[in-house]
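Let us walk through the contact between two chains. Keep the sequence and the structure side by side as you read.

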Amino acid sequence: MNDLTPIVGGCADTPVLKQRGQREVFCGLTGIVWLHRKMQDAFFLVVGSRTCAHLLQSAAGVMIFAEPRFGTAIMEEVDLAGLADANEELDREVARLLARRPDIKQLFLVGSCPSEVIKLDLSRAAERLTDQHGPQVQVVNYSGSGIETTFTQGEDACLAALVPTLERTEAPQLMMVGSLPDVVEDQFVRLFAEMGVTLATLPARTRAAAPKVGPNTKVLLAQPFLGETLEALQRTGAEHIAAPFPFGAEGTATWLRTAAAAMGVDPALVEDVIRAPKARAEAAVARVAETLRDKSIFFFPDSQLEIPLARFLVTECGMTAVEVGTPYLHKGLVGGELALIPEGAVISEGQDVDLQLDRARAARADLTVCGLGLANPLEAEGLSTKWAIELVFSPIHGFEQAADLAELFARPLRRRAMIRAMHSAVAP
Amino acid sequence: MKLSVWTYEGPPHVGAMRVATGMTGLHYVLHAPQGDTYADLLFTMIERRNHRPPVTYTTFQARDLGSDTAELFQQTCRDAYDRFKPQAMIVGASCTAELIQDDPGGLAETMGLPIPVIPLELPSYQRKENWGASETLFQLVRHLAKPCTPNEGLTCNILGATALGFRHRDDVAEVTKLLAGLGIGVNVAAPLGASPSDLTRLAAADFNVMLYPEIAEPACRWLEREFGQKYTRTVPMGVGATRDFVAEVAEITGMDPGTRADESGLRLPWWSASVDSTYLTGKRIFVYGDGSHAVAAARVARDEMGFEVVGLGCYNREFARDVRTAAKDYGVEPLITDDYLEVETAIAAAQPELILGTQMERHIGKRLGIPCAVISAPVHVQDFPARYSPVMGHEGANVLFDTWVHPLVMGLEEHLLHMFREDFEFHDAAGPSHLGGHGAQAEAQPTADAAGSMPGGDAAPSSDDIPWEQEAERELRKIPFFVRGKARRNTESFAEAKGLSRISLDTLYEAKAHYAR
């Protein structure tokens with residue numbers, strides 16, 4: 001009963017509510033905070049304003065104190081006066097940075113709103129700097145600006161910019177795309193190895209380990225927000241394996257089965273490999289799902305993970321979706337999962353935050369998933385919330401993390417139940 | 001361009017948000033791209049506010065660039081007015097919108113909203129957060145304060161407290177209590193807790209308390225010019241400064257010059273005089289933060305705690321002059337920089353026994369193995385405590401004593417460490433019981449002997465240092481870990497000055513005698 005064969009239609013044909021107005025979301029620069037952990041010899045240099053530096057500081061929390069491999073070249077009044085100056089200034093800052101950090105092999109020049117608006121040509125700058133500092137250092141440019149990217153789209157822009165730098169290969173291979181915590185990535189590498197498939201990953205942990213790409217490459221996305229990267233890979237001739245994303249026991253199983261089938265693995269072998277971890281995941285999820293069963297959930301847009309996560313919570317934890325908001329709806333990537341969410345949910349793309357708050361207050365879902373700017377204010381109004389950014393930083397993909405994922409949603413509900421007496425006695 | 005990882009201050013529009021969020025009945029429409037809403041979570045998470053900051057962002061995107069953004073701005077203003085019905089609005093641009101030159105002030109003016117709409121010019125590429133807050137308060141006061149009938153009895157305004165201010169909530173309460181003890185009422189405390197209509201009544205007070213000069217100074221100067229209201233210059237942080245503040249208030253209001261506040265709740269002076277505090281004498285302290293808190297803290301450190309101030313600095317250039325003047329008094333080089341790497345270098349060179357600083361200095365202290373107490377923003381969530389913890393007035397002085405002494409090893413404990421330094425429980429790598437993580441140090445000890453270096457504050461010799469003879473190295477180990485780094489450094493510079501090629505047991509003790517206080 002739990003397999004992912006679409007129920008008729010689901011929300012696949014539900015008209016999408018599109019609104020524009022104030023968006024309570026992060027910009028793409030935030031992606032740097034997890035990308036730099038993944039790529040161990042990369043440095044991310046944002047060319048932006050004090051606001052950009054302040055955003056990274058706020059998003060990175062205590063990580064900022066651990067010699068992180070990112071920073072902001074803060075533009076000052078003099079840089080805005082003439083463009084020639086700005087390029088010289090940038091070259092000087094980059095030379096200084098690379099002299100101080102000889103371990104850096106890849107440098108990302110990350111565009112921001114201010115640098116885009118003054119039309120500072122960072123792609124030319126990246127070429128120039130590659131000439132100066134290559135071949136030891138490869139300099140790549142992408143934009144993480146708020147005027148172009150929302151939150152996780154920063155990773156998409158980064159990986160898409162990496163694709164043209166990859167060497168070509170004709171060899172058949174499976175490439176998993178999307179940065180995952182090392183522990184999760186290693187689990188997937190192991191599972192595929194047991195099926196006789198070697199897994200290439202993008203991004204790789206170091207520049208030396210960068211995967212090759214070509215017409216016999218099959219691409220398996222680990223994250224739903226990688227539309228641009230997928231297109232860039234497809235331009236090299238690579239082929240997309242369409243699969244639901246690996247959240248939950250069934251989601252992970254379907255993702256693995258689909259990829260294995262595309263690689264010509266014997267289905268019986270696949271079942272042998274996934275039997276034990278899938279059973280483990282199902283049992284663990286079932287325990288946590290007790291708290292979630294028959295509870296309603298409302299998603300504010302944040303990361304584009306919302307639709308796959310809603311699918312997991314609905315199909316494997318027994319929740320009801322009231323509204324599933326996403327910053328961008330890429331039907332080619334998540335359309336299949338939309339079909340698994342029973343009709344009745346509002347599917348919204350983009351945001352006018354005040355109007356969406358009105359809907360959330362009217363719905364009073366048992367659990368509201370939202371950003372940190374909204375979570376405490378909604379808690380004070382008596383709604384239980386789950387802050388969304390944790391879903392991007394925590395290991396949540398795959399069999400072994402399926403119950404942890406459910407627990408992230410169950411914990412706020414259990415907590416509210418535990419402190420209810422006190423909570424209602426104290427007016428916020 | 002300047003490469004930066006950590007910034008002590010945000011951009012100026014965050015300063016404006018701090019003013020707007022501290023107030024009620026005020027709304028801020030900010031012309032800004034998607035993503036600038038990140039600043040909301042400073043208020044909802046760090047300060048744990050239970051409502052959203054009263055800020056609406058236009059959220060323009062790449063496809064809007066062109067004439068469209070001006071229309072978007074006006075529509076946003078209309079929607080914000082209709083939804084929130086504020087008493088007044090402030091409008092302005094964030095750094096990116098400053099570049100597209102839509103002129104929020106002009107655009108809002110043409111809309112004819114039935115409330116005061118105050119335009120803010122906040123130059124994002126020159127100025128920072130504190131300046132943004134002070135300019136916003138100044139513009140609000142300038143636009144809203146009107147002549148009015150003086151209150152009956154003596155009253156004052158308390159100016160400068162904002163949202164996201166370090167201990168602002170409790171400082172205002174404590175100073176209000178202090179003033180009440182002198183028979184002085186508070187007319188308006190602003191921005192924190194005030195509404196635009198409250199600001200119209202500022203002139204009804206007899207004088208102003210400039211509680212946070214970083215934020216309140218331009219407003220105070222304008223009120224003095226416009227309504228003849230004098231304002232206090234002393235920040236009442238510490239016992240001496242609080243007494244000076246009371247004297248200043250007495251002078252401004254024409255009270256008896258001998259007026260003293262009731263000090264029955266003040267415990268710092270006795271705590272500091274009691275014998276357990278003797279070991280605090282001459283402890284070397286490095287002070288860094290915003291100008292006002294740093295200068296005030298240095299005074300408390302030297303004159304009320306008996307510490308020696310070995311470094312003093314601030315990150316806000318606007319207060320460089322005050323810090324330079326104070327630094328001269330303490331005989332130290334003033335450090336005026338917003339580059340945390342420079343601060344780290346200065347601290348490493350000074351080798352203090354305690355750092356008084358911001359969140360960043362806490363981490364520098366952790367890295368260098370030096371205890372630290374927080375005296376100034378920027379701060380993280382733990383420095384917006386649930387308990388009452390002002391840093392101003394009498395209770396503020398009590399709080400300062402506890403907060404600063406806590407990270408140091410208490411007198412009796414320090415005595416025990418000396419007495420039983422070979423004892424298995426009190427050996428010098430065990431560390432004081434209240435500083436976490438000494439288990440890890442104990443584990444590291446066996447290898448440390450072999451490697452000739454110790455974790456946790458013992459400056460390891462680098463390759464180009466003068467070599468230590470084994471006997472001298474062993475003796476150095478007997479010195480408590482929290483002063484061992486200094487002893488090593490002193491001995492090495494002594495040996496270098498004498499042109500010695502090796503450090504012997506005698507060198508160690510000659511250096512000790514040389515540096516004896």
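A polar contact is a pair of N or O atoms within 3.5 Å; within protein, one must be able to donate a hydrogen and the other to accept it, and residues adjacent in sequence count only if both atoms are side-chain atoms. Across the interface of chain B and chain A, 23 residue pairs meet this rule, both residues at pLDDT 80 or more.

This is a predicted model, where local features need pLDDT of at least 70, side-chain atom pairs count only at pLDDT 80 or more, and totals for chains, interfaces and linings use all residues. Residues are numbered from 1 along each chain as its sequence is written, chains are lettered from A and ligands numbered from 1 in the order in which they are written, and side-chain values use heavy atoms, with hydrogens and water left out.

Now the extent. Contact (heavy atoms within 4.5 Å) links 55 residues of chain B with 62 residues of chain A. The two chains bury about 5100 Å² between them, and carbon and sulfur atoms give 58% of that. Buried area is the accessible area (1.4 Å probe) that two parts lose on being put together, summed over both.

Next, charge. The interface holds four salt bridges, each a side-chain nitrogen of Lys or Arg within 4 Å of a carboxyl oxygen of Asp or Glu. B:Arg52 forms a salt bridge with A:Glu24; their closest N and O atoms are 3.7 Å apart.

Finally, look at the strands (DSSP E runs of at least two residues, numbered from the N terminus). Strand 3 of chain A, residues 70-74, pairs with strand 1 of chain B. The sense is antiparallel, over three bridges; pairing requires at least two DSSP bridges. Here A:Ile74 stands opposite B:Lys2.

Terms used
Helices (H or I, at least four residues) and strands (E, at least two) are DSSP runs, numbered from the N terminus.
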